[in-house]
2 protein chains.
Amino acid sequence: MNTKQQIVAYSADMLRTRGFNGFSYLDISRELGITKASVHHHFPKKQDLGLALCEWTEEWLVQGFKHFEEHGISEWDKLQRYARAATKHCLSEQMMCPISALHGDLNKLPLEMQQALQVLDNIELDWVSRVLQAGIDAGEFKAADDPRGLASVFIFSCKGALYYARLHGKELFHQTMQQFEKLIKE
Amino acid sequence: MNTKQQIVAYSADMLRTRGFNGFSYLDISRELGITKASVHHHFPKKQDLGLALCEWTEEWLVQGFKHFEEHGISEWDKLQRYARAATKHCLSEQMMCPISALHGDLNKLPLEMQQALQVLDNIELDWVSRVLQAGIDAGEFKAADDPRGLASVFIFSCKGALYYARLHGKELFHQTMQQFEKLIKE
DNA sequence: GTCTATACACCGATAGAC
DNA sequence: GTCTATCGGTGTATAGAC
């Protein structure tokens, strides 16, 4: 992994633990054993780093969705894989989801990052909506007239549980997911 | 309203739009037409201001719950009043919920504030759980074995929708609440 | 209770040498 | 690609006069 990739990787961790304005070029330089100026060489402005983090997140989402979609499994299993990925990549490290982290700093983000965030949200909402719709069509979930609204309930439950679990413990995440399952089935 | 109250009132707005680390004593001093040093006179350290904001939020919650509990109305109506208060106090001003704002900055908050936040969470979870349980007992909502997990789904849907509405528009909030209603009834 | 003045650490950012 | 050195701005916080 080259320096540029290391910067993005460490920044992605910091984004998820402290928010976009919660870490600095100095933090990065200390972690990598280089100077601030060297970090600026790779990402001249922090906005450049921010957009790279948005790309990193998009790749993270797209690669994840690809893995959740194994042929032959139920639609609920796909959502469970999504939740398990959240457990592995966020919950276990006491991190938030990177999208939530960006939303928290929304009013202090440059416009380009706000637009990139909107794209990320839609990628996630589209995927979850599609899975939910497929589950409804297959009779796996209760009928719903607005799959996108339903997707919102699922996504917000998941992300909110990651937030709260940092303070109240990981069990809260699993409880929340379990209750959503009972709501949507039968 | 005296200066101290004005500081808290303005800080509460800033907390909900920019997060706890997203505003400074300089911001407050400019808004009130006094100097930074005068703000420090009322709240020597920012942590002092932060704890005052937690108290303000607790009062905001408790007063709200009192108003939502009118005798004779349905349990769902109580939750709707909760959502309407969120609309009035947060959504209409493009603000997040103050509790969400604090969660976003969690890892940068002093320990006393983290503990105060935990108390706030529990006050809210207790109230929503109690209303949900009453609704289940009355046959108004579907049975659920874990009212607190169910309360999490509701609260996270509500708070997440406030987050996303800042970027995607207010309609998302109402769509999300509507879908939760359909999930929990029948 | 408010002011001026100041301290010190950190922030993002740039110039220029190697 | 990394370094030293530096810039202006901002953050929390304090001392001391009025």
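Helices here are DSSP runs of at least four residues, numbered from the N terminus. With that in hand, open the model, which is a predicted one, and let's take a walk through it.

**Stop 1: a loop in chain B**

Select Gln94(B), which sits in the loop between helix H5 (75-89) and helix H6 (98-104) of chain B. Its phi is positive, near 60°, even though the residue is not a glycine. Most residues other than glycine have a negative phi.

**Stop 2: the loop in chain A**

Now select Gln94(A), in the loop between helix H5 (75-89) and helix H6 (98-104) of chain A. Here too phi is positive, about 60°, in a residue that is not a glycine. Gln94(A) is partly exposed, with a relative accessible area of 40%.

**Stop 3: helix H2 of chain B**

Go back to chain B and select residues 25-32, which form helix H2. Colour Tyr25(B), Ile28(B) and Ser29(B), which are buried. These three lie on the same side of H2(B), because they cover an arc of only 100° around the axis. An α-helix has 3.6 residues a turn, so residues three or four places apart point the same way.

What covers the buried residues of H2(B)? The cover includes helix H1 (3-18), helix H3 (36-42) and helix H4 (46-68) of chain B.

**Stop 4: H1 against H2 in chain B**

Show H1(B) beside H2(B). Their axes come within 10 Å and cross at roughly 120°, and the two helices are therefore oblique to each other. The crossing is right-handed. To see the contact, select Thr3(B), Gln6(B), Ile7(B), Tyr10(B) and Ser11(B) on H1(B), then Asp27(B), Ile28(B), Glu31(B) and Leu32(B) on H2(B). Sorted by type, the residues of this contact are four nonpolar, three polar and two charged.

**Stop 5: where H8(A) meets H8(B)**

Finally, select residues 147-168 in chain A and in chain B, which are helix H8 of each. These helices pack at an angle of about 100°, with axes 8 Å apart. That angle makes H8(A) roughly perpendicular to H8(B). Among the residues of H8(A) that meet H8(B) are Val153(A), Phe156(A), Gly160(A) and Tyr164(A), while those on H8(B) include Val153(B), Phe156(B), Gly160(B) and Tyr164(B). The residues of this contact divide into 12 nonpolar, four polar and two charged.

Key. Residues are numbered from 1 along each chain as its sequence is written. Chains are lettered from A and ligands numbered from 1 in the order in which they are written. This is a predicted model: local features need pLDDT of at least 70, side-chain atom pairs count only at pLDDT 80 or more; totals for chains, interfaces and linings use all residues. Side-chain values use heavy atoms; hydrogens and water are left out. Buried means under 20% relative accessible area, exposed over 50%, partly exposed in between (1.4 Å probe, protein chains only). The arc is that of the directions from the helix axis to the C-beta atoms. Contact means heavy atoms within 4.5 Å. Axes are lines fitted to C-alpha atoms, for helices over the stretch in contact, and angles run from 0 to 180 degrees between N-to-C directions. Angles under 35 degrees count as roughly parallel, over 145 as roughly antiparallel, 65 to 115 as roughly perpendicular and the rest as oblique. Ala, Val, Leu, Ile, Met, Phe, Trp, Tyr, Cys and Pro count as nonpolar, Asp, Glu, Lys and Arg as charged, and the others, Gly among them, as polar. A crossing is left-handed if the near helix is turned anticlockwise from the far one by less than a right angle, and right-handed if clockwise.
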